[in-house]
Amino acid sequence: MQGKQNKFWPSWVPAAGILMVLAASLVVGCADGSGEALLEAGITRLIKGDYRAAARKLEKAVEKLPQSASAWCNLGVARLKLGQTEQASESFKKASELEPNDPIPLEFLGQALIQLKNFDDARNALAKAGEL
């Protein structure tokens, strides 16, 4: 993944560091109900560890921004943290469909599929992520 750029965070950041990087890159404070404000609010809640509130905001964000891979991927992270692994995997699949050249949703999808003990699909998702 070295040297690749994506819409979620710089390529030098490991997937485990997503929340810290997002915290450093956000300008939060929009209280309106726009999709972007909901996405920012959801990510802020993710960073704070309030996964239920994050999921609620991000579910609204994907309603308003259905073509946002970032909204879908972050919703997947919130769902994964809540133990909603099946729903998380669906969110990561949607994010991957929207941004097929970004390995990050596929990496998270692989993690979710491992938790679901779907090892063949997890291997495929992670292999595809490694090719990008």
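Before I start, a definition: buried means under 20% relative accessible area, exposed means over 50%, and partly exposed is in between, with a 1.4 Å probe and protein chains only. This is a predicted model, in which local features need pLDDT of at least 70 and side-chain atom pairs count only at pLDDT 80 or more, while totals for chains, interfaces and linings use all residues. Residues are numbered from 1 along each chain as its sequence is written, and side-chain values use heavy atoms, with hydrogens and water left out.

I'll take helix α4 first. Helices here are DSSP runs of H or I with at least four residues, strands are runs of E with at least two, and both are numbered from the N terminus. Helix α4 covers residues 69-81, 13 residues in total, and reaches 18 Å from its first C-alpha to its last. That is close to the 18 Å expected at 1.5 Å a residue, where the expected span is 1.5 Å times one less than the number of residues. Of the 13 residues of α4, 11 are buried, so the helix is largely enclosed by the rest of the structure. Among them are W72, N74 and R79. After α4 comes G83, with a positive phi near 80 degrees.

Next, the core. A nonpolar core is a set of buried Ala, Val, Leu, Ile, Met, Phe, Trp, Tyr and Cys residues joined through side-chain atoms within 4.5 Å. The largest one has 29 residues, and L58 and F92 have the most contacts inside it. Helices α2, α3, α4, α5, α6 and α7 each supply at least two residues of this core, and α4 gives the most, with eight.

What is L58 in contact with, leaving aside its neighbours within four places in sequence? Taking contact as heavy atoms within 4.5 Å, the list is L39, G42, I43, L46, A71, N74, L75 and A78.

Now F92. Rings of Phe, Tyr and Trp (its six-membered ring) pair if their centres lie within 6.5 Å; planes under 30 degrees apart count as stacked, over 60 as edge-to-face, and the rest as tilted. The whole structure has one aromatic pair. F92 and F108 form it, stacked, at 5.3 Å centre to centre and 15 degrees between the planes. F92 is in helix α5 and F108 in helix α6, 16 residues apart. F92 is buried at 0% relative accessible area, and F108 is buried at 8%.

Last, K117, in the loop between α6 and α7. K117 is not a glycine, yet has a positive phi of about 60 degrees. Is K117 buried or exposed? Its relative accessible area is 63%, so K117 is exposed.
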